[in-house]
Amino acid sequence: MKKSILSLMVLAIAGLGFTGCDDVPMPYNQPNIKPDTPSEVTPKGSGTAADPYNVAKALEVVSALEANAQTVSEIYVKGAVKEIREIDPSYGNATYYITDDGKNQIYIYRSKYLGNKKFTSSDQLSVGDSVVVCGKFTNYSGNTPETVTNGSYLYSLNGKTQGGGSETGGEAKGDGTQANPYNATGANKAASALSADGKLENVYVTGIISKIKSIDTGSFGNAEYYISEDGTTNGDQFYVFRGYYTNGDKFTSKDQLKVGQKVTVLGTLVNYMGNTPEMAQGSKIVSIDGSGTTPDTPDTPVTNEGITISGTTVTLTHSGVTAGTTTATVDLSTLGFDNAAEVTTVQLSDGATVTFAANGEQNGPKYYNATKGVRVYKNNTITIEGKANIASIVFDCDSYQGTDYVGNTTATVTFSGNKAVYTNVFKGDTGGGTQLRIKKIIVTYAK
């Protein structure tokens, strides 16, 4: 009798345990599925519509993010539906897993239907369907790669996109020679096949300018822009990073390059960080045709007094003094920090100090190899104590996948003689705004 009662008690406790797990809200009730045989799928793809990541590559890319960090832009991931957790027509979203081979998996959380429209029926998606998901992904809690809540949608379902088109995107053309340049799709595929430190030199790429990100007519004299086969932003675009004008000359006018012009560019293909195909800094235009259209001049970000942002350059100016010619600098990539190391104090070339601080936030400034500098998060501070009165400070910042990491427009700076304090102020209730990813610091002293 005692043995029977004990058995019943064990079963009851076990039942309560299972019930408790079911009551935990999403996404915490994700199953911890560990296949008997680990996946051996080779990571591949460039994350574009024409060349989506496979699940293995998506897991690799998203797992490399910091805890709860998001991909900078939308990426495309292809796989087969492995398990459906929920399709909720009342909210119009679905939660499911996709896989390459049934062994690996990535979590698609509260995602929309084709065309970023709501799911209207629970039978619109089935296990085994071939899908391409487009959206931002996050490394949830540092251990669960998944889509951002309500931040993704089905780009294609069993080969069909919204409107019945094909998912295949553009056709790769060319071989990268002067006689037969790559088109945008071909360049993306060739670059995405490279390792993070690989490169293809002396490659020709041709296409029509679809978007101009920036044209610097100052000391740098380079431009960042995208080209596509048809000059639109609807299909594959290829990114040219900090390229020069014809003959390798610097740009001197913003109207030297226009959307709609056809260009052939000579340069080096790279796969930045192993997940972003692009043409590396230093390319040159070898031919340019057509009048194009003058791009809209980007609005200058509205910032607080003493701070200006232009492209990837942040300038802090003390209006009460006149700048002299004496400067002090530091290149943060040369200081020997380990990847993801916390950074507190560094020295400028003249021995002046730069102090980074978390300022009460959970995330404090850290050095990252990919940034080649220090990432400054929301409300973090940078204090510079110079050897003389400070007239201005310039931060040379990082850009990644179309986003310039130049800090929040709500940031502040205060000057007091030899001392200046920058605070990456963020006033929102959630998130952290824009990181400040500093690669170099240049201080100019007053006369």
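This is a predicted model: local features need pLDDT of at least 70, side-chain atom pairs count only at pLDDT 80 or more; totals for chains, interfaces and linings use all residues.

Trainee: What's the phi of K372 like, positive or negative?

Mentor: Positive, at about 60°, and K372 is not a glycine. Most residues other than glycine have a negative phi.

Trainee: Okay, and what about phi of N202?

Mentor: That one is near 55°, again a positive value in a residue other than glycine. N202 is in strand 8, though.

Trainee: Is N202 buried or exposed?

Mentor: Exposed, because its relative accessible area is 61%, and the cut-off for exposed is over 50%.

Trainee: Switching topic: where does D175 lie?

Mentor: In the loop between strand 7 (160–161) and helix 3 (184–192). D175 counts as partly exposed, because its relative accessibility is 43%.

Trainee: Which residues does D175 touch, leaving aside its neighbours within four places in sequence?

Mentor: N180, P181 and Y182. There's also a polar contact of 2.7 Å between the side chains of D175 and T177.

Trainee: How many residues of helix 3 are buried?

Mentor: Eight of its nine, so the helix is mostly covered. A187 is one of the buried ones, and N188 is another.

Trainee: Which strands do those buried residues pack against?

Mentor: Strand 8 (199–215) is among them, along with strand 9 (223–228), strand 10 (238–246), strand 11 (262–272) and strand 12 (276–279).

Technical notes
Residues are numbered from 1 along each chain as its sequence is written. Side-chain values use heavy atoms; hydrogens and water are left out. Helices (H or I, at least four residues) and strands (E, at least two) are DSSP runs, numbered from the N terminus. Buried means under 20% relative accessible area, exposed over 50%, partly exposed in between (1.4 Å probe, protein chains only). Contact means heavy atoms within 4.5 Å. A polar contact is a pair of N or O atoms within 3.5 Å; within protein, one must be able to donate a hydrogen and the other to accept it, and residues adjacent in sequence count only if both atoms are side-chain atoms.
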